[in-house]
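This report describes selected structural features, with the criteria behind each term. The sequence and structure are shown first.

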Amino acid sequence: SFKHTKPSWDGHEFGFVEWLKDVDVSSIVINGTKLDTDGTYTFTKGEIPKDLINLVKDTSVFLIDYKKAKTNFEKVIVTITGGIVDIQILFTDNPTILNQNEIMTQDPTLGFSLTSQRYQSVSEASVDTSCLTTSHASTGGTSIRIRLSASTVADGCDFPAPEWDISSIDDDATSISQIRIKYNVTSVLNPRSCEYRDMTNQPSGGASNDAKLADIRDGTIFGTDSQCTSTGEGLIFTMNSDARTDLASRLVDDWWGFGITFDDDVRNTSQHRVDWDELKVELEVTYSVATITTIGLRENDNSTAITSADFTIVNSTGTFTTSPNSTGFVVETFDDNIMHNFTTKELTDNYVVNKTLNYDSDIARTIFIPTLIFSVDCASTGAGDDVNIKVNDTDGHYITVFSTPTCDSNDDISWSVTWSSLDFDPTSYSSTMLAEILNNNFKRNSDSFTADSVSITTSYSDPKITSNSFDVDIGSEGETIAFVLSLDDGSGDVGSAPSGGGGGGGGGAQPGGAGEETVIGAIPLLSLTDIRHVIPFEATREYQILITWPTLKNLEIVGIDVNLLNAGAIQVTAQSTNPSFMLEGTPGANADTPSSGFIMYKVETPPRCTPTNVNNCADPILYSIPITVQAIHGGEGDVINSEIILLIDLREQIDYSTITILLLTVAGIIFMVRFVIKQTRKGKRGRKRAIKIAKR
């Protein structure tokens, strides 16, 4: 709030300006429009209907929400110079000329706000024990007066009705948790307790005086207040739930008020009177608004926007589908009391490329969803992406692990996919693979495509290779499948198609006799198992990666690369490979009884992000962290690159029902580990803004 105290300010207009200077950010998102180049940008009220500005720095987001001041909001001016940003948010659309000692308040939810209007109803004079129902309005004096004249005197009764402008409270407010009034009582005479009643007619509106008088006296009671029977300053009264319901219904009308009577309005031989200081009657409203989340849909590289998609949101209140804008953003308002499931189906090929379960919209934020569309670079063609790979999800599952596809020197692309169960649906489901060819060298049908070593027919329609369907399993079970797509470069040479393996260790190796080696070309098959950890915030844990290989030779670990691009502030530190270290082979090892060893790594989780802590923190979501292990088999030959996906689950309070979270294939036997996690909701969090004042 701002108070006019200087004579030299007379006649000046006042408004509020919020100014953020010299902010170091990587980009700004305003209503889904990303600004990341130097320049000056101006957005008026009508151009930002969602009332949101997001400042993005690496993986952290700072949100500016000006909803609660939308009446006076005029425009935003953004100036970007070399990544440094100045932001001016002008709340000067309705400038105010203040008289001396008058107070201007921007946001009633951050404190008490003065009345905007006052209506004083005075009934016609009578000699009676009751007040007449005919009235004339009076605004004389400087007090709000509740008065019953003596029954022996030809006089009227006074019943006031204060009113507030509540247009600064957003119409989408989801929960009004408290309404309080604060007032000063300046004088009393034979006082009685005050009663506050709802008003159907706006006190300052055009209804007749008689209608307003009746409205004041017969409305629903918001509370009976005995504090008003004595003089005092700063008296505070909390309204009941009927008042909260009534104010919520008035949000669209932008006003709220109530009538004041005595709890007993029968006249007797004495006058009964309570006077309030008109300039000190204030209102405080505590409320919550639905959170607005900006969702960026991206290919798995987290940079290429997806602009053609159906984005479906499912929660306990229903299902609705929307679409991203031209820059790949979906901007939605969420009720933060419930969980949401997101499904992204890209519309070019109608593939479901992401399912995000149990998203907690507890605070407004910008999130980026890296979908399961992977770009693959084959070294044989030089630098640059050659293929985009995607595999369709099923209705009965959701993909929890999709290892990054890699292309070897034979132009064979290997990867694995893990489907986890959504429920106990016994229906069998199937899926297909699609490879969009980006390089002319490969624009023809593939040499072969296998799913767990089973050949699957493919067809080619420029520029895409599409497979026939393959079984995923019934909906009550999960499954991991290893894929190999052998591209045809037109040379007539057929590349090798490894059986099983790939990036995810789904299919296992071909069996061999004691001491024999199972190889892909000249490289032994290295098997890693994707891992999932449920870890609390602000914790440090140490784990092991199990590595198996189907030979008796030693395995030299020469590199461990942890990709933390999408890990937020989570830290994963792998065992040092400087110098390299050796995992010893087992005499007589083969595919059935392989050699094995462990690699150590440490996981450190940061604090949970809150409205007051948006840096060096993490959200309660599932993080996918690829880890690439580089090894040399037997001290000679090429470096083997094998990848696992490390899943860090910070959704420790979400009920997943029963979900398969780990599939481990050993000698053809699949073990499924299930976890049940119960949900505990936390309370709401709020955020307060600092507002600066400017004189126009």
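## Basis of the description

A disulfide is here a pair of cysteine sulfur atoms within 2.5 Å. The model is a predicted one, in which local features need pLDDT of at least 70 and side-chain atom pairs count only at pLDDT 80 or more, while totals for chains, interfaces and linings use all residues. Residues are numbered from 1 along each chain as its sequence is written, and side-chain values use heavy atoms, with hydrogens and water left out.

## Disulfides

The structure contains four disulfides. With the bonded cysteines of the chain numbered in sequence order, the pairing reads 1-2, 3-4, 5-6, 7-8.

One of them joins Cys-378 and Cys-407, with the sulfur atoms 2.0 Å apart. The torsion about this S-S bond is about 100 degrees, so the disulfide is right-handed. Cys-378 is in the loop between β30 and β31 and Cys-407 is in strand β33 (residues 406-407), so the pair ties together parts 29 residues apart in sequence. Strands (E, at least two residues) and helices (H or I, at least four) are DSSP runs numbered from the N terminus. Buried denotes under 20% relative accessible area, exposed over 50% and partly exposed in between, with a 1.4 Å probe and protein chains only. Cys-378 counts as buried at 0% relative accessibility, and Cys-407 is buried at 16%.

For Cys-131 and Cys-157, the sulfur atoms are 1.9 Å apart. A torsion of about -85 degrees about the S-S bond makes this disulfide left-handed. Cys-131 lies in the loop between β12 and β13 and Cys-157 in strand β15, so parts 26 residues apart in sequence are tied together. Both Cys-131 and Cys-157 are buried. Cys-194 and Cys-228 are joined with an S to S distance of 2.1 Å; the torsion is about 110 degrees, so the disulfide is right-handed.

## Nonpolar cores

A nonpolar core is a set of buried Ala, Val, Leu, Ile, Met, Phe, Trp, Tyr and Cys residues joined through side-chain atoms within 4.5 Å. The largest core has 40 residues, of which Ile-181, Tyr-196, Met-239, Trp-256, Phe-258 and Trp-276 touch the most other members. Strand β16 (residues 173-189) supplies the largest share of this core, six residues. A second, separate core has 30 residues, including Leu-555, Tyr-601, Val-603 and Leu-646.

Contact means heavy atoms within 4.5 Å. Beyond its neighbours within four places in sequence, Trp-256 contacts residues including Trp-164, Ile-179, Phe-222, Met-239 and Leu-283.

## Helix α1 and its cover

In helix α1 (residues 209-218), the buried residues are Lys-212, Leu-213, Asp-215 and Ile-216. They span an arc of only 160 degrees around the axis, which places them on the same side of α1; the arc is that of the directions from the helix axis to the C-beta atoms. Their cover includes β12 (117-123), β13 (135-137), β15 (157-165), β17 (194-198) and β20 (255-262).

Two strands pair if DSSP finds at least two bridges between them.

Three bridges join β30 to the antiparallel strand β31 (residues 387-391), and Val-376 stands opposite Val-387 in β31.
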